[in-house]
Amino acid sequence: MQYEDILYDAADGVATITINRPAVMNAFRGRTCEELIHAFNRAGWDKAIGVIVLTGAGDRAFCTGGDQSAHSGNYDGRGLIGLPVEELQSIIRDVPKPVIARVQGYAIGGGNVLATLCDLTIASERAQFGQVGPKVGSVDPGFGTAYLARVVGEKKAREIWYLCRRYTAAEAQAMGLVNAVVPHDQLDAEVARWCAEILERSPTAIAIAKRSFNADSENIRGIGAMGMQSLAMYYATEESREGVRAFNEKRKPDFRRFQR
């Protein structure tokens with residue numbers, strides 16, 4: 001596959017996958033997801049690779065989720081909502097290699113979900129985390145909600161989704177979303193240290209451990225599949241479209257008129 005939206009680099013046992021759409025804060029469209037799926041499969045089954053790093057281009061954003069300019073009732077790719085996001089989330093869990101999220105800036109919306117799904121998350125002190133779905137007429141069922149609750153607890157997960165606040169890297173670390181927070185200029189060195197330690201461990205033992213960790217939350221895939229069907233129908237409603245329009249018009253959406 002010829003990559004347009006991502007960068008792929010493999011060296012010394014580490015594959016680095018970079019979402020390369022800095023002009024839109026590394027938001028993903030349908031093609032981005034397809035390329036990420038391809039890249040994770042490529043790295044995940046390459047015997048020369050022991051660890052995978054996921055990051056975003058530039059200093060501003062790790063990833064800010066789905067590109068709203070490609071969404072008006074449906075995104076621009078395949079799948080129930082026009083994004084194969086279920087496959088992308090699943091491949092991060094399924095590859096038998098640890099995946100490290102290198103978060104240098106905003107990890108918002110679907111970007112926060114990706115960082116949560118990665119096995120480990122290392123963040124710059126400048127990083128910010130949070131969900132935005134209910135502000136723009138969207139939501140991430142399954143891994144983005146149920147799995148988040150496994151990581152940070154029910155009460156905190158509901159706060160994150162219902163209020164759509166932003167959290168500093170230190171706050172994210174305190175709630176269990178982040179493993180380590182370092183000064184911005186030390187981020188690459190810290191990620192390299194973690195990769196080096198992992199590469200010294202038994203790859204088979206790590207693959208088995210990863211599979212065992214995942215087994216505890218496998219039922220979330222079924223929840224997510226059902227949720228995606230609901231989400232596809234929701235995207236066709238005026239309520240969801242109001243969120244997208246407001247985002248693109250840079251105004252506050254009027255959701256009160258949809259209260260039941």
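Helices (H or I, at least four residues) and strands (E, at least two) are DSSP runs, numbered from the N terminus. Keep those labels in mind for the tour.

This is a predicted model, in which local features need pLDDT of at least 70 and side-chain atom pairs count only at pLDDT 80 or more, while totals for chains, interfaces and linings use all residues. Residues are numbered from 1 along each chain as its sequence is written, and side-chain values use heavy atoms, with hydrogens and water left out.

**The whole protein**

Start with everything selected. You have ten helices and ten strands in view, and the C-alpha atoms fill a box of roughly 55 × 35 × 35 Å along the principal axes. Of the 260 residues, 52% count as buried, where buried means under 20% relative accessible area, exposed over 50% and partly exposed in between (1.4 Å probe, protein chains only). Residues 24 or more positions apart make up 70% of the contacts with a separation of 6 or more; a contact means heavy atoms within 4.5 Å.

Now select Cys63, which lies in strand E4 (residues 61-63). Is Cys63 buried or exposed? Cys63 counts as buried because its relative accessibility is 0%. Show the residues that Cys63 touches, leaving out those up to four places away in sequence: Ile19, Met25, Asn26, Phe28, Tyr106, Ala107, Ile108, Gly111 and Leu114.

Two of those names, Gly111 and Leu114, lead you to helix H3, where both are buried.

Most residues other than glycine have a negative phi, and most peptide bonds are trans. Met25, although not a glycine, has a positive phi of about 55 degrees. Met25 is buried, with a relative accessible area of 18%.

Then jump to Cys164, in the loop between helix H5 (154-163) and strand E9 (167-168). Cys164 also has a positive phi, near 55 degrees, and is buried with a relative accessible area of 10%.

**The largest pocket**

A pocket here is an open set of points, on a 1 Å grid over the protein atoms alone, where a 1.4 Å probe fits, with protein on both sides within 12 Å along at least five of seven lines; lining residues have an atom within 4 Å of a point. A volume is the space filled by probe spheres set on the points, which are joined across faces, edges and corners.

Select Thr64, Gln68, Val132, Val136 and Phe247, which lie nearest the centre of the largest pocket among its 42 lining residues. Strand E6 (106-108), helix H3 (110-117), helix H9 (219-235) and helix H10 (238-248) each give two or more residues to this lining. H10 gives the largest share, four residues. The volume is about 930 Å³.

**The second largest pocket**

Finally, select Cys118, Asp119, Leu120, Tyr147 and Phe213, the residues nearest the centre of the second largest pocket, which has 25 lining residues. Here H3 contributes two or more residues, as do strand E7 (120-124), helix H4 (146-152), helix H7 (187-199) and helix H8 (203-215). Which helix gives the largest share of this lining? That is H8, with five residues. The space inside is about 620 Å³.
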